[in-house]
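Please keep the sequence and the model in view while reading.

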Amino acid sequence: HHPVIFQPAKAITDDDGVGRAILQLIRSGISAINAHTNLDCAPGGVNDVLAGKLGLANVDVLNPNGVDAEGRPWGLLRHGTVESQSLQAFLPQVKACLGCEGLRYVEGNKPVCHVAVGGGACAGALREVADAGCDTFVTADVRYNQFWDAKELGINLIDAGHFCTENPVVAV
């Protein structure tokens, strides 16, 4: 799912794991094509599966980028609803549904009802989630200052881990 080269490479050598993997691919005549973001954005992809796994109802694409050949909207984030509950009641559900060993979170002092999801590192879309009226955002790889920003915006922000938010699509 993830590309071999995630950060720009200055050189390809056998001095590190990425370089060794690329050299092995080259020696074997294999091209690695990773449609990571495509799977995140696609109807039925990472974020639709994540929303389903968390039991969200009325799921829709948050700020669609377009529609596919079948007229289905596509875009990175999904949002939907759950029965109104406290963050403290919602956290164990997230942990159990995604098989997380733990969660990092900040409370936005709102009940959980309108939830946005973005598998992997989507916390950079926090403002977009807030502007859409969501009270809760489940994603991963949240940086320290993003937790502060969420608190300021009044958004419950849950970091469920990169693997746990992307892995559910594998079964699909």
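Helices (H or I, at least four residues) and strands (E, at least two) are taken here as DSSP runs, numbered from the N terminus. On that basis the chain has eight helices and eight strands. The model is predicted: local features need pLDDT of at least 70 and side-chain atom pairs count only at pLDDT 80 or more, while totals for chains, interfaces and linings use all residues. Residues are numbered from 1 along each chain as its sequence is written, and side-chain values use heavy atoms, with hydrogens and water left out.

The C-alpha trace spans about 55 × 40 × 25 Å along its principal axes. Of the 172 residues of the chain, 40% count as buried; buried means under 20% relative accessible area, exposed over 50%, and partly exposed in between (1.4 Å probe, protein chains only). With contact meaning heavy atoms within 4.5 Å, 55% of the contacts between residues at least 6 apart in sequence join residues at least 24 apart.

Two strands pair if DSSP finds at least two bridges between them. Six strands form an open sheet of mixed pairing, in the order β1-β4-β6-β7-β8-β5. Its edge strands, each pairing on one side only, are β1 (57-61) and β5 (104-106). Neighbouring strands of this sheet are turned by 20 degrees against each other on average, direction ignored; axes are lines fitted to C-alpha atoms, for helices over the stretch in contact, and angles run from 0 to 180 degrees between N-to-C directions. Helix α6 (residues 144-153) packs on the sheet, where it touches β5 and β8 (156-159), and its direction makes about 35 degrees with that of β5.

What of the cysteines? A disulfide is counted as a pair of cysteine sulfur atoms within 2.5 Å, and the count comes to zero disulfides. The sulfur of C134 is 10 Å from the closest cysteine sulfur, in C113, and is therefore too far for a bond. C134 is buried, with a relative accessible area of 2%, whereas C113 is partly exposed at 29%.
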